[in-house]
Amino acid sequence: MDASEIEQMIAGGIPGAQVEVRDYTGGGDHFEAVVVSETFEGKSLVERHQAVYNALGDAMRARVHALTLKTLTPAQHANRR
Amino acid sequence: MADVTERIQSTINGNKIVLFMKGNRSFPQCGFSAATVEIFEALGAPFETVDVLADNEIREGIKRYSNWPTIPQVYINGKFVGGCDIVRELYESGELEPMVKQAAAVGASK
């Protein structure tokens, strides 16, 4: 599994999301993702992470060992810069 | 399956703060579990841990329980708070400490 595959799955499950995924060990199973979406507005962190996990479906359970997640609204993302 | 859910529920309801993790607080078996333990130790609140590696039924059951595919998982006052990333984020923003203090205080008054 590579980072771009995960990016596509997350973007497919959360339309309009801006997704950036990095394979931080190079081993194809430990990833770090930043997901920015308007749909996160008013949602708790648990709900945001669940939306990302749902987009990944079975891949999350079977193929990804670790995924460090940062979920932001566009406003939060702008503040980080 | 029903039995697992009951076991999980009684653990969560019987302890103010519970970490479902890989390994135990002295010997965590995963970096994310270790990082989560460190945060709760830094806050100095009493917490219970459940080693999911020692019980496969719990390991799978806890993922279904909160519709959350990863370990560790943290529960405070019976409520699912999140995994390692969320706990770290809440800790860094200062939101976790009052949650933990409040849980400990409720425990003391009983």
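**Cores and fold of chain B**

Q: What makes a set of residues such as B:Ile17 and B:Val18 part of a nonpolar core?
A: In this predicted model, the largest nonpolar core has 28 residues, and those with the most contacts inside it are B:Ile17, B:Val18, B:Leu19, B:Phe20, B:Ile76 and B:Val87. The term applies because a core is made of buried nonpolar residues joined through C-beta atoms within 7 Å. At least two core residues each come from helix H1 (2–14), strand S1 (17–21), helix H2 (31–43), strand S3 (73–76), helix H4 (84–92) and helix H5 (96–109) of chain B.

Q: Which residues does B:Ile76 touch, not counting residues up to four places away in sequence?
A: B:Ile76 touches B:Lys16, B:Ile17, B:Val81, B:Met99, B:Val100 and B:Ala103, with that exclusion applied. Each pair counts as a contact because the two C-beta atoms lie within 7 Å.

Q: What other core lies apart from the largest one?
A: Another core has 16 residues, including A:Val21, A:Val36, A:Ala55 and A:Leu67.

Q: Why does the radius of gyration of chain B agree with that of a compact globule?
A: For 110 residues the globule rule gives a value near 13 Å, and chain B has 13 Å, so the two agree. The C-alpha trace of chain B spans about 35 × 35 × 25 Å along its principal axes.

Q: How many of the 110 residues of chain B count as buried?
A: The share is 36%; a residue is counted because 20 or more other C-beta atoms lie within 10 Å of its own.

Q: What pattern does chain B follow along the sequence?
A: The pattern is α-β-α-β-α-β-β-α-α, from five helices and four strands.

How values were computed. Residues are numbered from 1 along each chain as its sequence is written. Chains are lettered from A and ligands numbered from 1 in the order in which they are written. This is a predicted model: local features need pLDDT of at least 70, side-chain atom pairs count only at pLDDT 80 or more; totals for chains, interfaces and linings use all residues. A residue is buried if 20 or more other C-beta atoms lie within 10 Å of its own, exposed if 12 or fewer, and partly exposed in between; C-beta atoms are placed from the backbone. The radius of gyration is taken over C-alpha atoms; the globule rule is 2.2 Å times the number of residues to the power 0.38.
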